[in-house]
Amino acid sequence: MPTFSILIPVYNVEKYIKKCLDSVINQTFRDFEAIIIDDCGKDKSVQIAYSYAKTDDRIKIIHHKKNKGLAAARNTALKNAVGKYIVCLDSDDWMEPFCLDILNKEFLLRKTQSIFFNAREFYDDTQTFGSKSLFPVTEGYFTVTSDNLIKLSYFSWIKAYTRKSILKNNLLWPEGINFEDFEFHFKYYTLNPITYVIHDCLINYRQREGSIVNNAHKGILEVNDIYSVIRHMKEFWSDLGIYEDYKLTMLNLVCHRINVFNKLNMDKKQGDLTLKLLKDIGFPEDFEEYKNYYLKINNEYQYNII
């Protein structure tokens with residue numbers, strides 16, 4: 001059994017995949033498997049991946065019969081993984097050579113179920129790195145609570161997990177929607193609230209045109225996706241009997257998303273969708289204790305949510 005399983009969805013990244021895979025095979029820690037999921041792209045990405053697999057049996061390639069999206073590709077990789085630890089890597093990003101080495105040492109030392117680490121941004125248009133690390137993090141053990149859950153739930157590729165901690169709760173990335181990282185981590189950290197944070201930048205995160213994150217920032221993604229996550233989480237927390245503990249988390253997320261989409265000139269249709277969501281989750285009747293909180297911040301938003 002390899003120590004690490006690296007999950008790498010691949011879709012139309014022939015310009016970037018060589019750098020990604022070079023960073024994987026050149027890890028100073030050698031005990032890993034890299035599971036590449038061909039999500040039916042139209043370029044030569046998978047042919048390039050095969051050229052690596054021919055000379056390195058740690059690289060495994062699995063094909064989807066049709067395009068299923070990032071979450072489904074990660075899930076396929078996860079279901080085929082046998083490593084002790086899980087690391088996600090997007091195929092346009094790349095790892096530092098010591099990434100797995102540091103993670104292995106930290107897992108052994110800290111006895112934690114997950115590790116939150118840092119990344120550097122790389123701007124594809126200017127071929128330059130950002131001046132700061134992506135997240136201002138303080139090293140040490142960290143308890144994820146309803147108060148800080150949102151802050152810790154961005155991006156799967158700056159986290160490593162024991163495979164056991166994922167499988168014992170049957171966790172998967174939700175398929176068919178964007179913002180799948182939020183839902184996965186909301187569930188993961190609810191069930192595994194203690195993580196260990198290190199400040200090391202172990203991943204180089206490429207900012208480029210056409211990426212999922214950049215599309216989201218431009219308002220190209222459906223506003224309903226994040227609201228689907230909120231609905232799923234209400235069901236999840238309710239089933240666990242802890243929904244009351246996470247009400248403010250949920251409403252903070254709603255307000256954050258409203259604010260983001262307002263900046264993107266949210267149209268009336270999206271505004272109506274916001275109001276429908278608030279009605280669906282029982283706002284304001286079920287959230288009377290937060291009324292003053294919302295009255296205070298309501299002026300920031302284009303739509304009256306009280």
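**Exercise 1. Helix α7**

Which residues are buried in α7? State also how many residues α7 has.

*Solution.* This is a predicted model, in which local features need pLDDT of at least 70 and side-chain atom pairs count only at pLDDT 80 or more, while totals for chains, interfaces and linings use all residues. Residues are numbered from 1 along each chain as its sequence is written, and side-chain values use heavy atoms, with hydrogens and water left out.

Step 1. Buried means under 20% relative accessible area, exposed over 50%, and partly exposed in between (1.4 Å probe, protein chains only). Helices (H or I, at least four residues) and strands (E, at least two) are DSSP runs, numbered from the N terminus.

Step 2. The buried residues in α7 are Glu 180, Asp 181, Phe 182, Glu 183, Phe 184, His 185, Phe 186, Lys 187, Tyr 188, Tyr 189 and Thr 190. Because 11 of the 12 residues of α7 are buried, the helix is largely enclosed by the rest of the structure.

Step 3. The expected span of a helix is 1.5 Å times one less than its number of residues. With 12 residues, α7 reaches 17 Å from its first C-alpha to its last, close to the 16 Å expected.

**Exercise 2. The surroundings of Thr 190**

Describe the position of Thr 190 and list its contacts.

*Solution.* Step 1. Thr 190 is located in helix α7 (residues 180-191), and its relative accessible area is 14%.

Step 1. Contact means heavy atoms within 4.5 Å. Beyond its neighbours within four places in sequence, Thr 190 touches His 185, Phe 236, Trp 237, Leu 240, Ile 242 and Tyr 246. Ile 242 is 52 residues away from Thr 190 in sequence, with 9.8 Å between their C-alpha atoms.

Step 2. A polar atom of the Thr 190 side chain lies 2.6 Å from the backbone oxygen of Phe 186.

**Exercise 3. Helix α4 and the cysteines**

Step 1. Among the buried residues of α4 are Cys 99, Leu 100 and Phe 107. After the helix comes Lys 111, with a positive phi near 55 degrees.

Step 2. Cys 99 has a relative accessible area of 0%, and Cys 20 is likewise buried at 0%.

Key:
Polar contact = N/O pair within 3.5 Å; in protein donor to acceptor, adjacent residues only side chain to side chain.
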